[in-house]
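Colleague: I am new to this one and would like a close look at a single loop residue. After that, please walk me from there through the rest of the fold.

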Amino acid sequence: MSRVKDDNDLVVPGDVVFEGSNLYANQGTYEENDKIYAESIGVVRYSGQGVEVVPMSGRYIPEEGDVVIGEISRVSYSRWTVDLNSPYDGTLGISDATEEYVDLDEDDLTDFYAVGDTVVVKVDSVSESMDVDLSMKDRRCKKLHGGRVIEIAPAKVPRVIGKGGTMVQQVNDKTDCNIIVGQNGQVWIKGDNANLAARAIKKIEREAHTQGLTDRMAEWLDSELEKVNQ
């Protein structure tokens, strides 16, 4: 009874990911004759009493230089693990997280970032084995306070941002919200009209393939704002 793969190994349907009966078959896997198999293309994740395969299709794959929105999922002795809404988590080391001196025996890393914190981070490097190193050393990187995060397909991010940032700026200006769009399809929104801004972002995602969307969104937002203000 043992693991057949390592965490984050890429598997295809039918690959054995565990032999034995002391782990549960979770998302993306199935059990048969005391073996657990992958049912889709993805990466293996072992956790607690279970094993899952996180599908690759449609998910964000980190690339060097991307600025993304993630959530701190674990705090270790000298680093943080960041959930990037991807098959691959990112790692943020102390030297890339802060310019302050940190005494690992005295300081509490959760004073900087704690589990559940939402952060804007930059993908500093990606190894061949998909080890993702992150950095806060970019003017756009910061911890986000309040607000909400919605998810869109990473492939639709360029349309939501628009040429030169015009589309997202339009939603920002008309709703008076603060909006940040991560390359990983995570969109942070904060403001009194956050619900309207979220609906606008989802509408852009749905109609991303259509012509004249920028002008139509301006008219739609004006119409929706009139309803809100009545």
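What is the relative accessibility of Asn8, and how does that residue count?

Modeller: Asn8 has 28% relative accessibility, so it counts as partly exposed. That class lies between buried, under 20% relative accessible area, and exposed, over 50%, with a 1.4 Å probe and protein chains only. A word on the source: this is a predicted model, where local features need pLDDT of at least 70, side-chain atom pairs count only at pLDDT 80 or more, and totals for chains, interfaces and linings use all residues. Residues are numbered from 1 along each chain as its sequence is written, and side-chain values use heavy atoms, with hydrogens and water left out.

Stay with Asn8. The loop between β1 (2-3) and β2 holds this residue. Its phi is positive, near 75 degrees, though Asn8 is not a glycine.

Met130 sits in the loop between β12 (118-126) and β13 (132-135). With a relative accessible area of 18%, Met130 is buried.

β2 belongs to an open sheet of 4 strands, ordered β2-β7-β8-β4, with mixed pairing. β2 (10-11) and β4 (24-25) are its edges; each has a single partner strand, so one side of each is left without a neighbour in the sheet. Strands pair here if DSSP finds at least two bridges between them. Inside the sheet, β7 (residues 42-47) and β8 (residues 50-55) run antiparallel, joined by 6 bridges. Val44 stands opposite Val53 in β8.

Asn33 is 20 residues from Val53 in sequence and 19 Å away in space, C-alpha to C-alpha. Asn33 lies in the loop between β5 (29-32) and β6 (35-38). At 71% relative accessible area, Asn33 is exposed.

Ser86 is a contrast. This residue lies in the loop between β10 (79-83) and β11 (90-93). Its relative accessibility is 3%, so Ser86 counts as buried. Leaving out residues up to four places away in sequence, Ser86 touches Arg45, Arg59, Tyr60, Ile61 and Pro62. Contact means heavy atoms within 4.5 Å.

Next, the other sheet. An open sheet of 3 strands runs in the order β15-β17-β16, with antiparallel pairing. β15 (148-151) and β16 are the edges, each with a single partner strand, so one side of each has no neighbour in the sheet. From one strand to the next, the twist averages 20 degrees. Helix α4 (residues 194-206) packs on this sheet and touches β15, β16 and β17. The direction of α4 makes about 15 degrees with that of β15. Axes are lines fitted to C-alpha atoms, for helices over the stretch in contact, and angles run from 0 to 180 degrees between N-to-C directions.

Look at the hairpin in that sheet. β16 (residues 178-181) and β17 (residues 186-190) run antiparallel, with 4 bridges. In β17, Trp188 is the bridge partner of Ile180, and Ile189 is that of Ile179. The hairpin has 4 residues between its strands, and Gly185 takes a positive phi near 85 degrees.

Gln186 is in strand β17. At 12% relative accessibility, Gln186 counts as buried. Beyond residues up to four places away in sequence, Gln186 touches Ile69, Asn85, Val149, Ile150, Glu151, Ile180 and Val181.

Step back to α3 (residues 166-175). Its buried residues are Met167, Val168, Gln170, Val171, Asn172 and Thr175. They pack against α2 (157-161), β16, α4 and α5 (213-229). Asp176 follows α3, and its phi is positive, near 60 degrees.

Finally, the whole protein. There are 5 helices and 17 strands. Both are DSSP runs numbered from the N terminus: helices are H or I, at least four residues, and strands are E, at least two. The C-alpha atoms fill a box of roughly 65 × 45 × 30 Å along the principal axes. Of the 230 residues, 44% are buried. Among contacts between residues at least 6 apart in sequence, 57% join residues at least 24 apart. The protein exposes about 12600 Å², with carbon and sulfur atoms supplying 42% of it. Areas come from the Shrake-Rupley method with a 1.4 Å probe; for residues, only the protein chains shown count as cover.
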